[in-house]
There are 2 protein chains.
Amino acid sequence: MRIVVVGGNAAGLSAAVRARRFDSSAEILVLERGQRISWGACGLPYYIEGQVKELDDLVLSTPESFSEERNVTIRTGASVTAIHHTRRELLLKGGEPIPYDKLILATGAKPNTSGVDGWNQTQVFGLHTLEDAARLKDFLTQRQPKRAVVIGTGYIGIEAAEALRAQGLHVTLLTQNSEILGRTDPEFVEPIVAHLNRCRVDVRFNTRVRIIDVGSVEGIPCDLVVLANGQRPNAELAAEAGIEIGRTGAIRVNDRMETSVWGIYAAGDCAETNHLVTNSPVWIPLGTTANKMGRCAGANAGGAREVFPGVTGTSIVRVCGLSVGMTGLSESQARREGFQPAVMRIESRDKPRYFRGRPTTVELVADKNTRRLLGGVVMGDDGVAGRINVIATALTARLRVEDFQQLDLAYAPPFAPTWDPLLSAAHQLIKLLH
Amino acid sequence: MRIVVVGGNAAGLSAAVRARRFDSSAEILVLERGQRISWGACGLPYYIEGQVKELDDLVLSTPESFSEERNVTIRTGASVTAIHHTRRELLLKGGEPIPYDKLILATGAKPNTSGVDGWNQTQVFGLHTLEDAARLKDFLTQRQPKRAVVIGTGYIGIEAAEALRAQGLHVTLLTQNSEILGRTDPEFVEPIVAHLNRCRVDVRFNTRVRIIDVGSVEGIPCDLVVLANGQRPNAELAAEAGIEIGRTGAIRVNDRMETSVWGIYAAGDCAETNHLVTNSPVWIPLGTTANKMGRCAGANAGGAREVFPGVTGTSIVRVCGLSVGMTGLSESQARREGFQPAVMRIESRDKPRYFRGRPTTVELVADKNTRRLLGGVVMGDDGVAGRINVIATALTARLRVEDFQQLDLAYAPPFAPTWDPLLSAAHQLIKLLH
């Protein structure tokens, strides 16, 4: 038995480790296009910011140590150009054939540069690879730029803006639409924009960038540009091999991470997953989901029978010190999915006022018909991750708002007010549902 | 309709407000024995510590403002001595009769001083009322004591020790058994004791205090003593009126907070509640539960039909800077309740190492037969409240470990490692269950 994994980061390596656990005799080979494996892409903005001192701090494992400790063969610099599944064979760039019995695709995602001319100039940066980060850090050190434009208001754009502000640059954040973190509702967007402005990040909506000039972007003078205009799944290899691609553009998989072709699995940022609230396929490329999908794909390729049920779409981002967590559906997403959403948004505090509690906002969305919780947002200073995780757990368990309001959440003055903001929001939401 | 509430703090006032919401015409009267209402007992240690500047900061409402805003009559200094339910009448100290149609008992709990002689000396303090805290603070300011003995290792004892250390006193924490926060398992007790010792709090187990002398307790010289030797429910009034008392010593109620006597409700620290993991009555007197029970009792007394399903026994305490959260059953509790517990305890970090992640310990307990999660402990620096709340939510939803390990918890480097410690613990626990 020969299990081949394409891609040597979160999903691919999780898959390899897990396949080994269930099949001690198989030959397991990981093919990685780049020179490094197992690095934390989510840490790149914090290297730019200065929190992460060395890029190597983001590298969790080397090919040598991984091979040795895990009994898995790693080949770096191995770019797969084609899958010939009838022959159970991959082709590497250069023509070398690689036979396999089972194949796991963990080819990741790539930054979206379409429609922007001039993205390959020296003062333009992505923030997708270690090389991107190294090049940007060098540029900051050597060229001492003063003004940056960041194109894109997703996680990477927001985190890049925070990092460049921390480095003392003047930052303008541009987006072609009116979204922040994929949302357009003013109750969500406005407080974040206000906070960014307080941190001296300018935000320009509805600014479509077609050309990046040497000294400016859309008339905004700048010394450097970060292009973080979204991502796309690396699904071409799969598509060309006749593997079904979902409507999201990512590889379609079932809950065992099997693609439409028997013997080929897909996991991580190249693949779709199931949304637990809607029970529909979604493409939400995040590191922690990639790990879970990889584990599942690897286990099944290794002969186990495991299931990855899906995600609630939980994410969290620090926006110049403001923590913003989201999970499940927004009101407009819920409406599009056929629910009848009721929304409650409250302003509360993360701790008692006498314990220097800071403002925190909680938004809960529920379905009027079933009274099921559908989603939530938490914004504030302390405790945002914990509170969004409670909502994510409640969504997974399909709790109704009535169940949610009775949750036995921890209370002591250093940690929370007597009525946790989550429970206060639920009380108010229930009034709407009556 | 006349609804009378006995007790003017968390449960009693929640009940009064909630009764008013459902019955706009009833006369609602709250009888409070003391001179103040609506104060946060959980904040008292932080007044001693200095975090809370004024005792009044802990008082949320005065009788006058509450009466005015809520259309509820408050009588302070009104001590109820008997319930004559056949006449629907209470008797106040002094003999005044108070008629009622519906009665809500929210008489709270009292500190346990039994078996200790000398507890009423001037250098001995409880930490149960605003007066206790004021007297202790004055003593600290005026007498500048150097050495304190704290008797009791529950929340109040631990928090008192932390507060007195912050005030610069040398502190010895005594207990007659070998428990910390109600637990004896060394995996829980030892790290907490080690941390207390690092913070220069001495801990003496198995030290039964029978007499508090003027300058010493059980041979330990000291200038002041805090007696925090547990609490007991104030259930005598109910018992004398023939209301059923549960095996825990607190007033028995159903999930509508009805006592065994029709028309009399009980809520808060004087009453039992249901444990959601075991489905048995428990007595866990905590402020946040008191509020929930009070709401439910008040709603039902006001003509609604609400249910309070119970608690998972969630609590959190700061132990000289170490956060300790618990919910559900410990291994030994689980065994006593007839489960076959498997326990996993892991050491992890609350954030990535490159983001200065600090050590965090997670313990999960599950039932081998049903694979249901039964309880958990989280100890560490950051994120303890959030993580214990996720476990509490999972217990409420009766999640199995397999479901729990797939939770879509928030990940970004400023907040958590890629594998949240909760998920890592679940992975390891599953291996034990195979």
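A:Glu331 and A:Arg335 both belong to helix 9 (residues 331–336) of chain A, where they sit four residues apart, about one turn of the helix. In this predicted model, their side chains meet in a salt bridge, with 3.3 Å from N to O. A:Glu331 is partly exposed at 32% relative accessibility, and A:Arg335 is partly exposed with a relative accessible area of 48%.

Over all chains, the count comes to 42 salt bridges. The table lists some of them.

| Salt bridge | N to O |
|---|---|
| A:Glu331 and A:Arg335 | 3.3 Å |
| A:Asp403 and A:Arg400 | 3.3 Å |
| B:Arg400 and B:Asp403 | 3.2 Å |

In chain A, A:Asp403 is partly exposed at 28% and A:Arg400 is partly exposed at 34%. In chain B, B:Arg400 counts as partly exposed at 34%, and B:Asp403 is partly exposed at 27%. Salt bridges that share partners also join A:Arg183, A:Asp185, A:Arg345 and A:Glu363 into one network.

Helix 5 of chain A (residues 155–166) has 12 residues and reaches 16 Å from its first C-alpha to its last, close to the 16 Å expected at 1.5 Å a residue. Buried residues in helix 5 of chain A include A:Gly157, A:Ile158, A:Glu159 and A:Glu162. A:Gly168, which follows helix 5, has a positive phi, near 90°.

The same surface serves both copies, as 100% of the contact residues of chain B recur in chain A.

Methods
Residues numbered from 1 in each chain as written. Chains lettered and ligands numbered in written order. Predicted model: local features only at pLDDT ≥ 70, side-chain atom pairs only at ≥ 80, totals over all residues. Heavy atoms only, no water. Helix = DSSP H or I, 4+ residues; strand = E, 2+ residues; numbered from the N terminus. Expected span 1.5 Å × (residues − 1). Buried < 20%, exposed > 50% of the residue type's maximum accessible area, 1.4 Å probe, protein only. Contact = heavy atoms within 4.5 Å. Salt bridge = Lys/Arg side-chain N within 4 Å of Asp/Glu carboxyl O.
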